[in-house]
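Here is a short tour of a chain, written for someone who likes to know the cut-offs behind the words. Have the viewer open and follow along.

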Amino acid sequence: DAFCRAIGREPDFVDGHQHVHHLPGVREVVIAGVARWKRMPALRNTGHVVGPGAGLKGRVIEASGGRALERELVTRGLRHNRVLLGAYGFAAAYGPLVAAWLAAAPAEGGLLFCHPCDAAPAKASTGDAIASARGREAAWLAGDGFAEQLAAANVTPGSAWALRSSSGD
């Protein structure tokens, strides 16, 4: 509602910092809020985390509310990404992970989430635990390497939002 008042329209996309939108109690409020809007924004699905680096972190994301969120999104026919790529421990080299995430993306697409910030060195002094990773991500995504990876993987950035019914369509 605050977004609508500030921007003057409903959002195109809804998610929560650190996946909080999928937690029990929060999930129900988010879905109820989205369901009453005239436009149907997409919601970031955290129920199916794939690709390298996901491991335990991906399983925790899925189990802490992601799978329940995905069931609700499908049951209610709300737009969402089919898979989530991009989970990692923030210490690894980013470029090789991106190549592997692109390779792991299913043909119908997925959402690659990231945390880029050009001001990472300044953020480091504010207690941002992933400031150095933010800087590496921003540099990689802005450089030629990312564009080359997209071309090599035959991936075209675009909408990741699927609409699946409870029958799996």
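## Ground rules

A residue is called buried at under 20% relative accessible area, exposed at over 50%, and partly exposed in between, using a 1.4 Å probe and protein chains only. This is a predicted model, in which local features need pLDDT of at least 70 and side-chain atom pairs count only at pLDDT 80 or more, while totals for chains, interfaces and linings use all residues. Residues are numbered from 1 along each chain as its sequence is written, and side-chain values use heavy atoms, with hydrogens and water left out.

## Confidence

The predictor's confidence in each residue, pLDDT, runs from 0 to 100. Its mean over the chain is 86, and 91% of the residues reach 70 or more. Helices (H or I, at least four residues) and strands (E, at least two) are DSSP runs numbered from the N terminus. Confidence is highest in strand β4 (residues 84-85), at a mean of 94, and lowest in helix α5 (residues 120-124), at 53.

For residues 164-169, pLDDT stays under 50, and the model has 10 contacts there beyond four places in sequence, a contact being heavy atoms within 4.5 Å. Where pLDDT is low, the predicted coordinates should not be read in detail.

Most residues other than glycine have a negative phi. Glutamine 18, not a glycine, has a positive phi of about 55°, and histidine 19 likewise has a positive one, of about 65°.

Glutamine 18 lies in the loop between β1 (13-14) and α2 (26-35), and histidine 19 is found in the loop between β1 and α2. Glutamine 18 is exposed because its relative accessibility is 66%, whereas histidine 19 has a relative accessible area of 12% and so is buried.

## Where α4 meets α6

The axes of helix α4 (residues 94-104) and helix α6 (residues 131-142) come within 9 Å, crossing at roughly 60°. On the α4 side the contact is made by Tyr94, Gly95 and Val98, and on the α6 side by Arg136, Glu137, Trp140 and Leu141.

## Glutamine 149

Helix α7 (residues 144-153) holds glutamine 149, which is buried because its relative accessible area is 13%. Which residues does glutamine 149 contact, leaving aside its neighbours within four places in sequence? They are Gly95, Val98, Ala99, Leu102 and Trp140. Glutamine 149 and leucine 102 are 47 residues apart in sequence, and their C-alpha atoms are 7.8 Å apart in space.

Key: Axes fitted to C-alpha atoms, helices over the stretch in contact; angles between N-to-C directions.
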